[in-house]
Amino acid sequence: MASYPAGYKYTKDHEWVELSGDRGKVGITDYAQQQLGDVVYVELPEVGAKLRQGQSFGTIESVKAVSELYAPVSGEVVDVNTALKDKPEAVNADPHGSWMIAVRLTNAGESDALLDASQYQDLVK
Amino acid sequence: MEQATEAPLKKTPLNARHRASGAKMVPFGGWDMPVEYSGIVAEHMAVRTRAGLFDVSHMGQIEIAGNDALAAVQRISSNDASKLAVGQAQYSGLLTEQGTFIDDLLVYRLAPAHFLLVVNASHIPKDYAWIAEQIKPAGDAVAVDASSRYALLALQGPAALDVLQPLTGVELAGMKYYWFANGEVASVRATISRTGYTGEDGFEIFVPPQSADRVWQAILESGKAADVIPAGLGARDTLRLEAAMRLHGNDIDETTTALEADLSWIVGWKKDDFIGAAALREQKANGVTRKIAGFEVLDRGIARQGYDAYVGDAKVGVVTSGTQTPFLKKAIGMAYLPAEHTAAGTEFDVDIRGRRTRARVVPMPFYKRPK
């Protein structure tokens, strides 16, 4: 069984966010990458993009299908993991280490409503 | 009438094996089928470089027998079955009067007056009803839906022959492409056919359902040294697309004719008559206005089924199949385009979720196995 880092928060759409002060790094969960299968493209926003919680911030494509990526928290994109452009398969190999975007939170309180690791584990089991 | 509730998914004789092996299962054409085992890319590459084993027992089998069986097959099947020797198979279409596809199929000549048709899983009842009705004028011939009598395994890839040969007395090296023989595999009565849906050398093996698991296990055991792995419908789809094999429901259906699908070679033009002949002869004389074309995406992105094709601002066609192919490592696909836009090298745009993306027509197949 996959292990979900205890320090992350999770969404029902299968994204995670690792919060640190007013910053959050965002990726997709092990469950999500398993459902997608082999990832071949990750399309991410530009630095400076402003996201609302639940808004699409990009797309992820596997051989089989394309899925939207949804922002777990509101914020401004301050960094983008451009390495995923050339190595999208990293999302399959290391989903919880393959962050996609880093955001500066604009509404710190909203992360309280996200799932913790054990709640998320219950959701996908 | 639409059914109010969905029927339970049908299971192949290998369903328990797939589940025990950890395959990811999905509903497909009314069946509970493995979409992938170790991953589409790994399975695709295994078939291109070694071999993969597929359960395709969901496919349907319809037999036609009787003194006038040949005439019956000639009426409902577009290709010319009179060219088939006993022990030979051909690809063909089950066409409407308009020359469009009710289904596509393989026609096997089991005996001079006994044929086996292999049809798509989701169309078995529809195909059977159509065939049973349409062969009546042919005289002494009956059609039987024999689907439940067969399990069907496909061993595909350059190592297929070496993996299968130790399990059977049938001499495989001498079997030509699109020929078949009766014999046994792992001491199980089997019909072995040198056919497939991957663009690779390989065999399709018809066995009694109760023995399917035994044959499945024996092939994997024999293929252990060559690293032969089980493969699912996901890789089957990317493999067939690289080989430019049409998929009914995507690339061909009841709105597209055999000529528009660029499948003139499965039309028996010299036959007296068959369902769809008049429409196809007329279309051949007048020329088609649209035709299927293979393409590569030039920019980043995957052009998937249903995406629109544009020339300038005009919507001119639609993508029928498209993926990122694991072996060629390109986004490729098939689309119906105006006939004048189907020459290799012609460029057009695909609307990929609101973004116009350049694509170029290329010759099909995209992949051809080394001889």
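Axes here are lines fitted to C-alpha atoms, for helices over the stretch in contact, and angles run from 0 to 180 degrees between N-to-C directions. On that basis, H2(B) and H7(B) pack at an angle of about 55 degrees, with their axes 8 Å apart. The model is predicted.

**Contact between chains A and B**
- Chain B brings 12 residues to the contact, and chain A brings 8 residues.
- On the side of chain B that touches chain A, three elements supply at least two residues each: helix H2 (40–49), helix H7 (233–242) and strand E16 (314–325).
- The residues on this side of chain B split into 4 nonpolar, 5 polar and 3 charged.

**Helix pair H2(B) and H7(B)**
- Two packed helices are described by the angle between their axes and the distance between the axes.
- For H2(B) and H7(B), the angle is about 55 degrees and the axes lie 8 Å apart.
- That angle makes H2(B) oblique to H7(B).
- The crossing of H2(B) past H7(B) is right-handed.
- From H2(B), the residues B:Ile40, B:Glu43, B:His44 and B:Val47 take part. They meet B:Gly234, B:Ala235, B:Thr238 and B:Leu239 of H7(B).
- By class, the residues of this helix contact are 4 nonpolar, 3 polar and 1 charged.

**Domains of chain B**
- The domain assignment of chain B lists domain 1 (15–56 + 150–242), domain 2 (60–145) and domain 3 (264–362).
- The centres of domain 1 and domain 3 of chain B, taken over C-alpha atoms, are separated by 30 Å.
- In the contact of these two domains, 8 residues of domain 1 of chain B meet 7 residues of domain 3 of chain B.
- On the domain 1 side, H2 and H7 of chain B are the elements that give two or more residues.
- H2(B) gives the largest share of that side, 5 residues.
- The domain 1 side that touches domain 3 of chain B divides into 4 nonpolar, 2 polar and 2 charged residues.

**Open sheet of chain B**
- Five strands form an open sheet in the order E5-E6-E7-E4-E8 (chain B), and their pairing is antiparallel.
- Strand E5 (89–95) and strand E8 (142–145) of chain B are at the edges. Each has a single partner strand, so one side of each has no neighbour in the sheet.
- Neighbouring strands of this sheet are turned against each other by 30 degrees on average, direction ignored.
- E5(B) and strand E6 (residues 101–111) of chain B run antiparallel and are joined by 7 bridges.
- B:Leu94 stands opposite B:Asp103 in E6(B).
- Helix H3 (residues 69–76) of chain B packs on the sheet. H3 touches strand E4 (60–65), E5, E6 and strand E7 (114–119) of chain B. The direction of H3 makes about 130 degrees with that of E4(B).

**Closed barrel of chain B**
- Six strands form a closed barrel that runs E14-E17-E16-E15-E18-E19 (chain B), with antiparallel pairing.
- From one strand to the next, the twist averages 45 degrees.
- Strand E14 (residues 290–297) and strand E17 (residues 330–338) of chain B run antiparallel, with 7 bridges joining them.
- B:Glu296 stands opposite B:Ile332 in E17(B).
- H7(B) lies across E16 and E17 of chain B. H7(B) runs at about 120 degrees to E16(B).

**Local backbone features of chain B**
- B:Met364 and B:Pro365 are joined by a cis peptide bond, with omega at about 0 degrees.
- B:Pro365 sits in the segment after strand E19 (355–362) of chain B.
- B:Ser187 is not a glycine, yet its phi is positive, at about 65 degrees.
- B:Ser187 lies in the loop between strand E10 (180–185) and strand E11 (188–193) of chain B.

Conventions
Residues are numbered from 1 along each chain as its sequence is written. Chains are lettered from A and ligands numbered from 1 in the order in which they are written. This is a predicted model: local features need pLDDT of at least 70, side-chain atom pairs count only at pLDDT 80 or more; totals for chains, interfaces and linings use all residues. Helices (H or I, at least four residues) and strands (E, at least two) are DSSP runs, numbered from the N terminus. Ala, Val, Leu, Ile, Met, Phe, Trp, Tyr, Cys and Pro count as nonpolar, Asp, Glu, Lys and Arg as charged, and the others, Gly among them, as polar. Angles under 35 degrees count as roughly parallel, over 145 as roughly antiparallel, 65 to 115 as roughly perpendicular and the rest as oblique. A crossing is left-handed if the near helix is turned anticlockwise from the far one by less than a right angle, and right-handed if clockwise. Domain bounds come from an automatic or database domain assignment. Two strands pair if DSSP finds at least two bridges between them.
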